[in-house]
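I opened my notebook today to look a few things up in this structure. Here is what I wrote down as I went along.

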Amino acid sequence: MSNKNKPEWAPKNAGKEFATTVVKGKESQHDGVPGNTSTRTRKAPAKRKLSIENYVNGVLAHDRTILAQTITLIESNSEKHFEMGQEVLRQLLPHTGKSLRIGITGVPGAGKSSFIETLGCQLMKEDLHLAVLAVDPSSSLSKGSVLGDKTRMEMLSRHQNCFIRPSPSGGKLGGVTRKTRETTLICEAAGFDVIFIETVGVGQNEITVRSMVDFFLLLKIAGAGDELQGIKKGVIELADAILINKADGDNIKRAEIAKRDFANALHYLKSPTKGWTPETHTCSALTGDGIYPVWEMIKRFEENVRKSGVFEERRNQQNLGWVHDLVSERLLNVFYADPLIKAMLPQLEKNVINGKIPPTQAAWKLLNREL
Ligand SMILES: Nc1nc2c(ncn2[C@@H]2O[C@H](COP(=O)(O)OP(=O)(O)OP(=O)(O)O)[C@@H](O)[C@H]2O)c(=O)[nH]1
Ligand SMILES: [Mg+2]
């Protein structure tokens with residue numbers, strides 16, 4: 001045994017038990033993307049540079065490795081990658097739009113990932129291709145994503161028809177939103193039939209995800225307190241359906257009561273989707289009870305809104321909203337990056353805090369670049 005195989009901390013006259021052995025890793029057996037039935041082994045992605053054409057063709061050919069690399073390109077914060085990513089996206093655009101986009105929200109621990117796992121495994125039996133994206137626009141505040149862990153989607157993540165992508169990390173709220181929207185388009189071009197977007201229910205997140213999806217699902221648990229305090233309007237007004245999860249064991253009765261309370265509350269609210277009355281159901285992601293009926297409801301919804309044209313109309317509105325969001329984001333970035341504004345800002349802020357000038361005047365001074 002030669003010395004170079006020994007770790008550097010091995011004693012001088014150490015025997016062969018200090019030798020190290022390299023074990024070759026196992027190569028994956030499938031690439032998991034719709035339409036690709038090839039079972040040949042695939043080597044770990046080489047670090048070669050891909051051209052725009054490579055990205056586009058790879059995604060369209062359902063190549064899972066290139067799909068992941070394309071999403072990474074889109075998520076990059078570098079200016080060079082941004083331009084390349086946009087061109088890839090432009091070329092993929094004619095192939096997008098065919099999936100059903102489903103948003104799912106709920107407080108941490110409501111069972112969102114478990115729900116996606118259970119429903120997802122049932123969808124796999126129908127030979128549907130499913131992408132699961134996590135979006136956590138608050139991650140820049142909470143320093144790291146709490147979502148997207150594959151641990152609750154263990155079975156699903158091993159299935160060859162499923163693709164799970166955690167939340168893009170870091171960046172501003174607008175950045176995460178753009179990245180998730182673009183990732184949705186890329187997944188569509190890669191042929192996924194259903195796209196789940198999971199987000200944790202804190203404030204702004206739900207509104208953001210509502211603006212990206214066709215169907216919006218709110219997951220609740222009984223006894224969380226909100227049905228007693230009088231149901232808060234905000235989020236439930238966005239929902240096409242409310243599910244009371246964890247309706248199992250001795251929780252069933254409480255879940256039924258919560259369901260009734262939510263159904264009553266929904267009665268007084270305007271539906272977020274024209275021609276659709278939001279529904280309330282109980283289910284258990286743990287036992288699977290009531291999960292498939294949720295899918296049947298979603299399919300009923302889809303049929304209804306496609307027929308009435310509401311589906312198309314919503315997507316068009318979402319696209320326009322997206323354009324305006326991007327313009328606002330860009331304008332703000334350009335404005336605050338201006339050296340003059342950068343120089344003016346600290347003193348102006350101080351003056352506002354000290355009560356020397358009113359906020360409105362400070363804002364006008366900035367906008368007019370008035371020193
Ligand atoms: N009894 C019961 N437990 C459940 C059910 N669904 C989820 N759980 C449990 O609830 C806990 C949280 O589940 P997750 O699926 O991680 O919840 P989540 O909403 O995705 O949580 P975050 O991603 O952290 O926001 C886990 O311990 C699950 O096993 C259910 O239907 N019944
Ligand atoms: Mg989760």
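Is Lys98 buried or exposed? I found 10 other C-beta atoms within 10 Å of Lys98. The cut-off for exposed is 12 or fewer, so Lys98 counts as exposed.

Then I turned to ligand 1. I noted 18 residues around ligand 1, and Gly111, Lys112, Ser113, Ser114 and Leu286 come nearest. Helix H4 (residues 112-125) gives the largest share of this shell, with three residues. Sorting the shell by class, I got seven nonpolar, seven polar and four charged residues.

Last, I went through the confidence values. The average pLDDT of the chain is 84, and 79% of the residues reach at least 70. Helix H11 (residues 291-308) has the highest mean among the elements, 97, while helix H5 (residues 139-142) has the lowest, 48. I marked residues 37-41, where the pLDDT is below 50 and the model has four contacts beyond near neighbours in sequence. I marked residues 140-148 as well: pLDDT stays under 50 there, and the model has 23 contacts beyond four places in sequence for this stretch. A reminder to myself: where pLDDT is low, predicted coordinates should not be read in detail.

Terms used: Residues numbered from 1 in each chain as written. Chains lettered and ligands numbered in written order. Predicted model: local features only at pLDDT ≥ 70, side-chain atom pairs only at ≥ 80, totals over all residues. Near = placed C-beta within 6 Å. Helix = DSSP H or I, 4+ residues; strand = E, 2+ residues; numbered from the N terminus. Nonpolar A, V, L, I, M, F, W, Y, C, P; charged D, E, K, R; others polar. pLDDT = per-residue confidence, 0-100. Contact = placed C-beta atoms within 7 Å. Buried ≥ 20, exposed ≤ 12 C-beta atoms within 10 Å, placed from the backbone.
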